Amino acid sequence: MSLQSMTGFSRAAGEHGGATIAWELKSVNGKSCEVRFRLPPGCERLEPLARLAVQKRFSRGNIQASLNVTRGTATLVQPVVNEAFLKDLAGLAKRLQDQFGIAPPTADGLLALRGVLEMPEAVETEEQRASFDAAAISVLEAALSGLEQARQSEGAALAAVLGAQIDAVEALTLEAEADPSRQPAAIRARLAEQVALLMDTGAPLDEARLHQEAAFLATKADIREEIDRLKTHVASARSLLAASGAVGRKLDFLAQEFNRESNTLCSKSNAATVTAIGLQLKAVVDQFREQVQNLE
């Protein structure tokens, strides 16, 4: 299964028994798979089957499914005229005209009276209903295939963007790792300078204890663990993108881990160059997380 976005649109239509069946599907971001249906009167029974069909295809996304059924003229119910009632009304109208001189009734006026023109309800057999339902679900499956394709197309574009952002995270991580300020000689020189400043104050200091504290601070400021974890997260993110499928939640978790390591790197940094790299890293991670929100 290819990587999918959670946004997409599709439409599919088909014919059955003189009627046109059309489904429209719209999908946007969502924490889980939520489906809302708009079904014409008489088609509410389709919802359980239609919901199951959607949930078999997708695991995340808010999906709106609209069904439109257009009946052909052959399937329209023909009106029935109550001729006996119409005859009685026409006779009554004629008597009123003769007795009181009122205007004669018109045909459309008589037909508009309640009970003259009746629209009998269409009667479907169980077999006809089952046949229609099967046709409607078949058209829905075609619409779902179109939506899946649309989401996969956008997913492929997102994969390219995410891949580039992961590359940027890796490049910044390697840049921080190779920064001259992390070289032992540079660390010793910086600590020696700080110790010399303290010694020059003239305050009584235990030189051995001072060197112990300096060594502790140097260890605390080391970003080796953060760099190693960032490299591990980069490898995990690439593995997830290659595996495809519903990886949005896992990538979102990795984005949080990227952000945590970026913050720690900045807080531990004792060089302006490393701090600048950490800030760039945070910016890239924010962009990465924003894009991940669109993935299934």
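Modeller: Let us begin with Phe9, which stands opposite Lys26 in strand E2. Please keep in mind that this is a predicted model.

Biologist: What makes strands E1 and E2 a pair, and in which sense do they run?

Modeller: Pairing requires at least two bridges found by DSSP. Strand E1 (residues 8–16) and strand E2 (residues 19–28) are joined over nine bridges, in the antiparallel sense.

Biologist: Which residue of the hairpin takes a positive phi?

Modeller: Gly17 does, with a value near 55 degrees; the hairpin of E1 and E2 has two residues between the strands. A positive phi also occurs just after helix H2, where Gly101 takes about 70 degrees.

Biologist: Why is Cys33 called buried?

Modeller: The limit for a buried residue is under 20% relative accessible area. Cys33 has 16%, so the label applies. Cys33 belongs to strand E3 (residues 33–38).

Biologist: Which residues does Cys33 touch, leaving aside those up to four places away in sequence?

Modeller: Cys33 touches Val54, Gln55, Phe58, Ser59, Arg60, Gly61 and Ile63. As for Met6, the C-alpha atoms of Cys33 and Met6 are 9.8 Å apart in space, and the two residues are 27 apart in sequence.

Biologist: How do you know that helix H2 has the span expected of a helix with 18 residues?

Modeller: The expected span is 1.5 Å times one less than the number of residues. For H2 this expectation is 26 Å, and the distance from the first C-alpha to the last is 25 Å, which is close to it.

Biologist: Why is the contact of Lys94 with Asp98 called a salt bridge?

Modeller: The criterion is a side-chain nitrogen of Lys or Arg within 4 Å of a carboxyl oxygen of Asp or Glu. The closest N and O atoms of Lys94 and Asp98 are 3.1 Å apart, so the pair qualifies. Both residues lie in helix H2 (residues 83–100), and because they are four residues apart there, about one helical turn separates them.

Biologist: Are these two partners buried or exposed?

Modeller: Exposed means over 50% relative accessible area, and partly exposed lies between that and the buried limit. Asp98, at 54%, is therefore exposed. Lys94, at 45%, counts as partly exposed.

Biologist: What makes Arg238 a link between helices?

Modeller: Arg238 and Asp167 meet in a salt bridge, N to O at 2.6 Å. Arg238 lies in helix H7 and Asp167 in helix H4, so this pair ties together parts that are 71 residues apart in sequence. Arg238 also forms a salt bridge with Glu170, the closest N and O atoms being 2.7 Å apart. Glu170 lies in helix H4 as well, so here the parts tied together are 68 residues apart in sequence.

Biologist: How do you know that Arg238, Asp167 and Glu170 are partly exposed?

Modeller: Their relative accessible areas are 32% for Arg238, 40% for Asp167 and 30% for Glu170. These values fall between the 20% and 50% limits, so the label applies to each. Elsewhere, salt bridges that share partners join Glu225, Glu226, Arg229, Glu261 and Lys268 into one network. The structure holds 20 salt bridges.

Biologist: Which residues have the most contacts inside the largest nonpolar core?

Modeller: They are Val169, Leu251, Phe258 and Phe288, in a core of 29 residues. The elements giving two or more residues to this core are helix H4 (126–177), helix H7 (224–243), helix H8 (248–268) and helix H9 (272–292). H9 supplies the largest share, seven residues.

Biologist: Which residues does Val169 touch, again leaving aside those up to four places away in sequence?

Modeller: Val169 touches Val234, Phe258, Leu281, Val284 and Val285. A second, separate core has 28 residues, including Ala19, Leu67, Ala135 and Leu144.

Biologist: How do the totals for the chain read?

Modeller: The chain has nine helices and six strands. Of its 296 residues, 34% count as buried. Among contacts between residues at least 6 apart in sequence, 79% join residues at least 24 apart.

Definitions and conventions
Residues numbered from 1 in each chain as written. Predicted model: local features only at pLDDT ≥ 70, side-chain atom pairs only at ≥ 80, totals over all residues. Heavy atoms only, no water. Core = buried A, V, L, I, M, F, W, Y, C linked by side-chain atoms within 4.5 Å. Buried < 20%, exposed > 50% of the residue type's maximum accessible area, 1.4 Å probe, protein only. Contact = heavy atoms within 4.5 Å.
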